[in-house]
Amino acid sequence: MTSEKVVLFDLPSKPPVTGWSPNAWKARFALKFKGVDYHTEWLEFPEIKPRLEPHVPANKEGWQYTIPTLLLPDGTYVMDNQNIAEYLEQTYPEPSLQLDSPYLFKIEALRTKLFEAILPALGSEVSRRILNPPSAEYWDATRSQPFGTSLDILAKERGEEAWNESEAVLKNITELLSENSDGPFFAGQTVGYADFVWAGVLLFMQKLGEDAAAEGLKRTGDPQVHLALLQALSPWMQDNDR
């Protein structure tokens with residue numbers, strides 16, 4: 001099957017349907033930044049593998065089949081954010097995603113550390129506030145498995161501890177984002193993929209609700225630098241429902 005537009009496979013929220021996944025936000029930002037015309041095909045978690053398996057090899061590490069994935073007009077599938085970013089940079093060199101920026105490696109590492117710390121606090125809220133029933137059931141089963149208990153119990157027993165552990169990471173991100181005082185981007189006045197990586201997390205917290213977003217911003221130690229980043233990226237944050 002071919003399409004005149006690039007197809008972005010993404011996870012839907014509850015109605016009204018919008019993008020919410022911090023992983024998929026990376027690809028959304030990059031596509032819009034590059035000016036690539038695309039539309040979204042929404043897949044619930046249990047639909048991802050059946051839809052993608054016939055067309056693309058499984059990831060060598062982690063989840064076998066993942067969102068985001070692109071379907072190109074020639075019928076080629078590109079799965080995994082790193083592959084997507086590299087494809088877009090090679091195919092549409094300008095404007096550059098700055099994939100060689102030292103900030104990209106640093107923010108990716110901090111982002112991973114943050115999600116590992118914060119899952120006990122927010123995991124149950126993802127299924128309750130964002131996901132449709134098929135994805136909520138899948139999320140609860142897979143994300144609770146490493147802990148040996150339900151996400152609801154995990155939130156009650158370790159939620160505050162998780163926020164406290166996350167606070168140090170969030171403040172490290174604030175320090176990184178504040179290194180260039182001429183801002184608002186990690187590299188100062190130059191926007192890059194590193195900014196999309198972190199903005200996707202901020203938008204995910206906003207999608208969870210005002211309370212989660214406010215708590216996350218408070219624990220950064222300086223909410224304004226993060227809000228300034230989102231404001232500067234607003235041209236590429238529109239139409240995340242298509």
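**Entry 1. The loop between α3 and α4**

I began with Pro95, which is placed in the loop between α3 (81-91) and α4. Helices here are DSSP runs of H or I with at least four residues, strands are runs of E with at least two, and both are numbered from the N terminus. I noted that the model is predicted, that local features need pLDDT of at least 70 and side-chain atom pairs pLDDT 80 or more, and that totals for chains, interfaces and linings use all residues. I also noted that residues are numbered from 1 along each chain as its sequence is written, and that side-chain values use heavy atoms, with hydrogens and water left out.

The peptide bond from Glu94 to Pro95 is cis, with omega near -5°. Gln98 is found in the loop between α3 and α4 as well. Gln98 is not a glycine, yet I read a positive phi of about 55° for it. I recorded Gln98 as partly exposed, at 28% relative accessibility. For burial I used these limits: buried is under 20% relative accessible area, exposed is over 50%, and partly exposed lies in between (1.4 Å probe, protein chains only).

**Entry 2. Further backbone points**

I looked up a cis peptide bond between Ile67 and Pro68, where omega is about 5°. Pro68 is placed in the loop between α2 and β3.

Asp239 has a positive phi of about 55° although it is not a glycine. I located Asp239 in the segment after α9 (223-233).

What is the order of the strands in the open sheet? I read it as β2-β1-β3-β4, four strands with mixed pairing. Two strands are taken to pair if DSSP finds at least two bridges between them. β2 (38-42) and β4 (77-79) stand at the edges with a single partner strand each, so one side of each has no neighbour in the sheet. On average, neighbouring strands of this sheet are turned by 25° against each other, direction ignored.

I followed the pairing of β1 and β2, which is parallel and runs over five bridges. Tyr38 in β2 is the bridge partner of Val6. Strand β3 (residues 69-71) and β4 run antiparallel and are joined by three bridges. Leu70 stands opposite Val78 in β4.

I then checked the burial of β1, and five of its five residues are buried. In a regular strand the side chains alternate between the two faces of the sheet. On one side of β1 I found Val6, Leu8 and Asp10, on the other Val7 and Phe9, and all are buried.

**Entry 3. Helices across the sheet**

I found α1 lying across β1, β2 and β3, at about 160° to β1. α2 lies across β1, β2, β3 and β4, at about 135° to β4. Axes are lines fitted to C-alpha atoms, for helices over the stretch in contact, and angles run from 0 to 180 degrees between N-to-C directions.

**Entry 4. Helix α5**

α5 has 12 residues and reaches 16 Å from its first C-alpha to its last, close to the 16 Å expected at 1.5 Å a residue. The expected span is 1.5 Å times one less than the number of residues. I listed Ser135, Ala136, Trp139, Thr142, Arg143 and Ser144 as buried in α5. The buried residues of α5 pack against α2, α4 (102-130) and α6 (151-177), where contact means heavy atoms within 4.5 Å.

**Entry 5. Aromatic rings**

How many aromatic pairs does the structure hold? I recorded 12. Rings of Phe, Tyr and Trp (its six-membered ring) pair if their centres lie within 6.5 Å; planes under 30 degrees apart are stacked, over 60 edge-to-face and the rest tilted.

Trp20 and Phe204 form a tilted pair, 6.1 Å centre to centre with 40° between the planes. This pair links distant parts of the chain, 184 residues apart: Trp20 is in the loop between β1 (6-10) and α1 (22-34), and Phe204 is in helix α7 (residues 193-208). Trp20 counts as buried at 4% relative accessibility, and Phe204 counts as buried at 6%.
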